[in-house]
Amino acid sequence: CVRSSYTPGHCVVGCFFDAHTVQGFGLHPICLNVSYMFISLFLFFFLRMLTWLRELSDWVWQDRLWFPAGLGWADLKDRDGLVFAKGSDLWVIFPIAVCFLIIRQIFERTVAVKLASLLRVREKPRVRAAPNTTLEFYFCNASKFPSQSSVEELTKQSGCSVRQVQRWFRRRRNQERPSQIKKFREASWRFTFYLLAFIAGLGALIDKPWFYDMEEMWNGFPTLPLLPSQYWYYMIELGFYISLLFSVATDVKRKDFKEQIVHHVATILLISFSWLVNYIRAGTLIMLVHDASDYLLESAKMFNYAEWRKTCNYIFILFAAVFILTRLVILPFWILHTTWVYPLTIYPPFFGFYFFNGLLLVLQCLHIFWAVLILRMTSGGMSRGECMGCPSCVLV
């Protein structure tokens with residue numbers, strides 16, 4: 001590689017191509033050996049990693065973890081004209097999520113804007129903070145809520161009084177707040193989806209025996225054939241929740257932002273897992289219970305942004321009643337009881353049983369957290385005579 005007759009530029013090139021060593025345009029023998037060594041090591045570790053991943057996949061998806069004894073993935077293969085849920089079906093949720101993002105942008109710029117105009121949603125005038133380089137630098141790089149000691153320090157640097165500095169930061173924070181129109185557009189989009197999803201889910205389940213008798217969801221498990229209505233209900237719900245994760249960075253952030261993220265992730269995991277192991281009947285019931293109250297909350301927000309106070313209060317009270325009924329009564333005492341207690345009378349417990357019910361318990365804890373917020377908002381709003389659909393809280 002290093003030869004006295006080579007210039008530095010030739011030496012570098014000669015490590016890979018040396019026309020003097022091999023007739024034609026070949027490789028230097030030493031560099032060729034080094035290249036072979038690196039390629040061999042790369043292929044060795046790559047193939048070894050593939051082997052480890054295959055072994056890990058085989059261990060993770062072994063039958064005894066996800067199914068009762070004597071049952072497994074082989075039972076979910078299509079046969080005799082019956083179609084069963086497959087993991088490969090879930091790839092379609094990503095293009096569906098992209099379609100939702102596109103449809104949402106069109107909806108919010110057309111339908112939502114016209115609806116906001118119809119309900120006379122108006123922007124409240126905001127006093128803008130006066131230009132101030134010192135305060136702006138602190139606001140952008142240090143904190144939007146300066147401490148008392150920081151305020152006193154900023155008064156010396158900016159030449160403003162303490163009251164002027166505090167007023168400046170208050171006005172500057174108000175400039176960062178999302179507009180009423182933006183919040184109305186988001187609420188109207190979610191209202192439209194949740195309402196249509198609830199109607200579609202109800203239509204898909206109203207004639208099914210497990211809608212009335214919860215124990216029927218385990219009749220024939222896991223060899224439960226997939227229905228077209230179940231397929232589309234699952235894919236559309238999953239695609240929508242994936243789209244919410246994609247848009248979370250641009251959506252209005254509220255007080256329970258972290259709880260919302262946990263809720264979306266747990267919901268996606270729960271729906272995906274129930275699809276993989278064919279808990280589809282239970283999954284459709286759980287999705288319907290969630291959709292039953294969500295559209296009421298979003299409609300209450302819409303009327304709150306339009307300042308229809310009485311309508312907002314009436315809808316919010318209805319939402320609170322439906323939320324508590326569906327998520328604190330029906331979900332834990334009917335659905336959770338059927339997924340946690342009843343299966344033990346048919347099958348011995350297995351890991352998939354605990355995993356599925358563990359995700360349900362996470363959702364149930366979030367429901368309790370939100371129910372407390374709802375009751376506080378309801379009681380506080382009634383005592384003060386204010387609108388209870390306060391936009392400062394987000395409830396899913």
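A residue counts as buried when its relative accessible area is under 20%. By that rule, 43% of the 396 residues in the protein chain of this predicted model are buried. The accessible surface of the chain comes to about 21900 Å², and 67% of that surface belongs to carbon and sulfur atoms.

The chain contains 15 helices and 0 strands. Consider the contacts between residues at least 6 apart in sequence: 77% of them join residues at least 24 apart.

Helix H11 covers residues 228–246 and helix H12 covers residues 257–276. Their axes lie 10 Å apart, and the helices pack at an angle of about 155 degrees. Because angles over 145 degrees count as roughly antiparallel, H11 is roughly antiparallel to H12. The crossing of H11 past H12 is left-handed. On the H11 side, the residues that meet H12 include Tyr-231, Tyr-234, Met-235 and Leu-238. On the H12 side, Ile-261, His-264, Ile-268 and Trp-275 are among the residues that meet H11. Sorted by class, this contact has 12 nonpolar and 6 polar residues, with no charged ones.

A single residue gives another view of the chain. Phe-351 is in helix H15, which spans residues 351–384. Leaving aside neighbours within four places in sequence, Phe-351 is in contact with Leu-65 and Trp-66. Phe-67 is 284 residues from Phe-351 in sequence, yet the two C-alpha atoms are 8.1 Å apart in space.

Definitions and conventions. Residues numbered from 1 in each chain as written. Predicted model: local features only at pLDDT ≥ 70, side-chain atom pairs only at ≥ 80, totals over all residues. Heavy atoms only, no water. Axes fitted to C-alpha atoms, helices over the stretch in contact; angles between N-to-C directions. Helix = DSSP H or I, 4+ residues; strand = E, 2+ residues; numbered from the N terminus. Parallel < 35°, antiparallel > 145°, perpendicular 65-115°, else oblique. Left-handed = near helix turned anticlockwise from the far one by under 90°. Contact = heavy atoms within 4.5 Å. Nonpolar A, V, L, I, M, F, W, Y, C, P; charged D, E, K, R; others polar. Buried < 20%, exposed > 50% of the residue type's maximum accessible area, 1.4 Å probe, protein only. Areas by Shrake-Rupley, 256 points an atom, 1.4 Å probe, with all protein chains shown as cover.
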